[in-house]
Amino acid sequence: MEQLATFGAGCFWGVEALFAAQQGVKSTSVGYMGGHTKDVDYNAICKGDTGHAEVVQITFDDNVIDYSQLLQIFWQNHNPTTPNQQGPDFGTQYRSVVFFHTQNQQQNAIDMSQKLTDSGSFRAPIVTIIEAASHYYIAEDYHQQYLSKRSKSSCSF
């Protein structure tokens, strides 16, 4: 059955490329979620005052890849211990966030975050925000599949 997942883990280009490469992921798009203003665009969120995060929205077949596997990929491929920062990118738009679409997704995210915390997998506390999905603003066309359009597999230039 097809489901949606939405994650923010820093600059959305690399995050999208990572998830798009997973078997069972039907489609990905990048956009903005979690803010307090309407009609958001890239220039507005770069100023850091809209409250939106850069996110990747994933449509996946849970008969091939389940939500827990997507969560594992999410937590293994960014630093969930740095508030409002991923690598050289700073600001609330780069926060670590899971936007859940169902109560089951919410519980899975909470449980996995606690399990990772208890295991000591990270040297600092996990600061990933887990919140209900809100309105999704799809990003401008030039951001969609940005790395694959440029034959790149990561944001390292």
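The model is a predicted one, and the values given below are computed from it.

Turning to overall dimensions, the C-alpha trace of the protein chain spans about 40 × 30 × 30 Å along its principal axes. Of the contacts in the protein chain with a separation of 6 or more, 75% are accounted for by residues 24 or more positions apart.

As for burial and surface, buried residues make up 43% of the 157 residues, while the protein chain exposes about 8200 Å², of which carbon and sulfur atoms supply 48%. The charged side chains number 9 positive and 15 negative, and the centres of these two sets lie 6 Å apart.

The aromatic side chains deserve a separate look. A pair of aromatic rings is described by the distance of the centres and the angle of the planes. With ring centres required to lie within 6.5 Å, the count comes to six aromatic pairs. In one of these, the rings of phenylalanine 7 and phenylalanine 19 have their centres 5.3 Å apart and their planes at 15°, and since planes under 30 degrees apart count as stacked, this pair is stacked. Phenylalanine 7 belongs to strand S1 (residues 2-9) and phenylalanine 19 to helix H1 (residues 12-20), so the pair ties together parts that are 12 residues apart in sequence. Phenylalanine 7, at 0% relative accessibility, counts as buried, and phenylalanine 19 is buried with a relative accessible area of 1%.

Another geometry is found for phenylalanine 74 and tryptophan 75, whose ring centres lie 5.3 Å apart with the planes at 70°, so that this pair is edge-to-face, the cut-off for that class being over 60 degrees. Burial applies here as well, because the relative accessible area of phenylalanine 74 is 1% and tryptophan 75 has 2% relative accessibility, values that fall under the 20% limit for buried residues.

Which residues form one aromatic cluster? The cluster consists of Phe7, Phe19, Phe60, Tyr67, Phe74 and Trp75, and it therefore includes both the stacked pair and the edge-to-face pair described above.

Note on methods
Residues numbered from 1 in each chain as written. Predicted model: local features only at pLDDT ≥ 70, side-chain atom pairs only at ≥ 80, totals over all residues. Heavy atoms only, no water. Buried < 20%, exposed > 50% of the residue type's maximum accessible area, 1.4 Å probe, protein only. Contact = heavy atoms within 4.5 Å. Areas by Shrake-Rupley, 256 points an atom, 1.4 Å probe, with all protein chains shown as cover. Lys, Arg positive; Asp, Glu negative; His and termini not counted. Charge placed at Lys NZ, Arg CZ, Asp CG, Glu CD. Helix = DSSP H or I, 4+ residues; strand = E, 2+ residues; numbered from the N terminus.
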